[in-house]
Every structure is written in structure tokens, then in C-alpha cells.
Amino acid sequence: MIASFLARSSQSKARVATKLASPITGLRFKSTALAISLNHTRQMTASKVKRIGFVGLGNMGLPMATNLFNGFKDKADFIIYDINQKTTSNFLKDHNTDPNNKDKVKVAKNPLEVAQEATVIVTMLPASQHVEGVYFGKDGLFEALGENHLVMDASTIDQSMATRVAKALSEKGAKAIDAPVSGGTGGAQAGTLTFMVGSNTTGDFELAKPYLEKMGKNIVYCGTNGNGQTMNLGVRMGMDPKLLAGILNTSSGRCWSSEVYNPCPGVQENSAATRGYTGGFGMPLMAKDLRLAVNAAVDTKTTVILGAMAQQLYNQMAANKEYENLDFSAAYKWLSENSK
């Protein structure tokens with residue numbers, strides 16, 4: 001009888017031990033899988049990228065590309081593309097100075113070649129139609145993109161175009177980042193831009209961050225792809241108010257036009273206004289950005305009376321031969337002359 005009791009007791013302990021062992025084993029398996037996944041992400045982040053690509057070397061793109069190159073010149077080679085061959089030639093002359101590596105900087109024949117040679121790519125283009133052409137046009141980036149690519153578009157474009165690009169790239173396995181900027185040409189030159197980043201996952205954002213940090217000071221994660229383009233009407237279109245406030249306080253919302261980029265000639269030594277309103281963010285680009293904002297307002301049935309008036313003002317200046325090639329701050333000059 002005692003022997004029978006001891007036997008049953010031993011069997012019960014064995015069953016309890018078995019039940020306890022199963023979840024622990026499963027937990028160990030999941031923990032191991034998680035550790036492998038995290039380690040893989042760290043390896044992707046830390047791995048040396050052989051070549052970085054940059055498409056769009058305009059007034060904003062050129063200093064951004066320069067800062068990115070300087071930040072990674074000891075770690076990766078560079079390939080660039082722009083329709084302005086003089087700009088790419090000058091970039092090549094200025095930066096392809098390594099005597100031991102004649103291909104440190106290459107100029108691509110088209111965007112397709114950039115995607116064929118670089119696994120990390122940044123694009124900085126004037127408007128949605130240019131983004132569409134560079135990504136989806138003949139010899140565009142899209143043809144060669146795949147699982148090994150991290151692509152960051154810093155252009156200010158329609159949200160619909162940003163989400164279209166992200167969806168198309170994701171379907172090919174590429175990591176798509178939309179990261180429009182605030183800070184103007186001065187911020188681009190100083191490397192103090194604010195990037196408003198939309199990405200499919202926070203992991204993709206973390207992969208992009210080291211590259212964006214070479215070009216900007218404030219790198220703000222705004223959520224899913226397309227959210228980076230919605231800042232002008234952020235709260236109305238679903239942005240978190242605290243996040244929006246944080247971004248505005250590190251960009252033009254903090255009276256940037258008077259504190260950082262004063263439009264009155266002579267107030268700031270390095271401003272476009274003091275240079276005769278040259279070499280800055282052009283009138284057509286500002287007119288385009290305002291048009292995007294007003295279009296977004298119409299789509300969401302939001303009233304933007306002053307925004308619509310500003311858009312009309314910049315449309316007039318952009319169509320005026322005297323003003324079309326000047327920095328957007330020349331609105332100060334326009335208003336001064338037309339108020340006499």
C-alpha cells in the first residue's frame with residue numbers, strides 16, 4: 001500500500017514536471033528566435049554599405065549630399081545622379097580626391113544605374129512629377145530595387161505620391177522611407193535640417209536614422225509611410241498633437257523666418273536676403289509647396305484663408321521674370337515695392 005502510494009506520488013510529480021517543462025522550453029525557443037532576430041537587425045545596421053547613392057543635387061540636395069558624403073566617406077563609396085551635368089561634374093571634382101580609389105565617387109548615367117550600384121539611396125527632388133519620373137520612368141530606380149535596398153525620399157511631395165512610392169518599393173522587398181525636410185538651404189548647408197520621417201516599421205526608421213543624422217539635427221518619427229508629408233495639416237490628418245508640436249518647435253513654427261532666415265537684407269550676414277535673394281529656396285518651389293498644402297486642405301475640407309492668399313502671392317512672384325529665380329524670402333522685397 002505504501003509502495004503503491006509512493007508510485008502514484010512519483011507519477012504525479014513527473015506529470016507536473018512535464019507540464020512545467022513545456023512552456024519553459026517554448027519560452028526558451030522564442031527567446032532564442034528573438035535574440036537571433038535582434039542580432040540580425042544589429043548586423044544590418046552595423047554592416048558596411050559598399051556604396052551610397054544620391055539623386056537630385058539642387059539647392060537643397062547638393063549640400064545634403066555633401067554632408068552625407070563627408071559623414072560616410074571613410075565607410076562607403078558614393079554614386080550620384082542629376083540632370084545638371086555641371087553640378088555632378090563639380091561634385092566629382094570636389095570629392096573624388098582619394099588617390100587610392102578613383103571610383104570613390106561615380107556619376108551615374110541615369111537613376112537605374114544608381115539603384116544597380118548602391119544599396120542605400122537618398123532622393124531630393126523638386127516635386128511629385130520628378131519623383132514619379134526618377135522612380136518609375138524609363139531607366140528609373142524602380143527597375144533595379146530589391147530586398148537589399150534602403151531608399152529615403154526627402155522630397156516634399158503629395159502624400160498620395162509618397163504612399164504610392166512606399167507601396168511599390170515594399171512590394172519589391174525594399175525598405176521605403178519618406179523624409180521631407182524643414183530648415184531651408186541654410187539648414188541643408190549646416191546639416192541642421194529637421195526630417196519628418198514616415199516608414200513601414202520603426203525598424204526601418206532605425207536603419208535610416210544614421211544616414212539622416214549626417215544631414216540633419218532633428219530626426220522625428222511620424223509613423224507610417226506618408227505621414228511625413230502631412231505636417232502642414234497634421235492634426236486634421238491624424239498626427240499626434242504632441243508630436244506635431246515637437247516638430248514645429250524645432251523648425252519654422254518657432255518664428256523661423258525672423259530668428260533664422262530673416263527676409264530683410266543686412267539683418268543676417270549669411271541670409272539669402274543679404275546676397276540679393278540668390279542661392280536659396282526658389283520661388284517656384286515655395287509656390288509648389290503652398291499648392292500642396294492648399295490641395296491637402298481642400299481634400300480634408302479645412303479652411304486655410306491665409307495659406308490660400310500666400311499661395312496666390314507666390315504664384316504671382318514665381319511667374320514674374322524679375323522674381324522667378326530669387327529665394328522665396330524675396331516676398332519681403334515684393335511686398336515692400338508693391339506697398340509704395
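**Aromatic pairs and charges over rings**

Analyst: In this predicted model, Phe69, Phe78 and Phe91 are joined into a cluster by ring pairs. The whole structure holds nine aromatic pairs.

User: How is the geometry of the pair Phe78 and Phe91 to be read?

Analyst: Planes under 30 degrees apart count as stacked. Phe78 and Phe91 are stacked, with 20 degrees between their planes and 6.1 Å centre to centre. The two residues are 13 residues apart and belong to distant parts of the chain: Phe78 to strand 2 (residues 77-81), Phe91 to helix 3 (residues 85-95).

User: Are Phe78 and Phe91 buried or exposed?

Analyst: Buried means a relative accessible area under 20%. Phe78 has 1% and is buried; Phe91, at 2%, is buried.

User: Why is the pair of Phe205 and Tyr221 called tilted?

Analyst: Their planes stand at 40 degrees, so the pair counts as tilted, and the ring centres are 5.0 Å apart. Phe205 comes from helix 8 (residues 202-212) and Tyr221 from strand 9 (residues 216-223), so this pair ties together parts 16 residues apart in sequence. Phe205 is buried at 7% relative accessibility, whereas Tyr221 is partly exposed at 26%.

User: Which ring does Lys172 lie over, and which ring has the charged end of Lys214 over it?

Analyst: For a charge to sit over a ring, NZ of Lys must be within 6 Å of the ring centre and within 35 degrees of the ring normal. Lys172 lies over the face of Phe142, 4.7 Å from the ring centre. The charged end of Lys214 is over the ring of Phe72, at 5.7 Å from its centre.

Terms used. Residues numbered from 1 in each chain as written. Predicted model: local features only at pLDDT ≥ 70, side-chain atom pairs only at ≥ 80, totals over all residues. Heavy atoms only, no water. Phe/Tyr/Trp six-rings, centres within 6.5 Å; stacked < 30°, edge-to-face > 60°. Helix = DSSP H or I, 4+ residues; strand = E, 2+ residues; numbered from the N terminus. Buried < 20%, exposed > 50% of the residue type's maximum accessible area, 1.4 Å probe, protein only.
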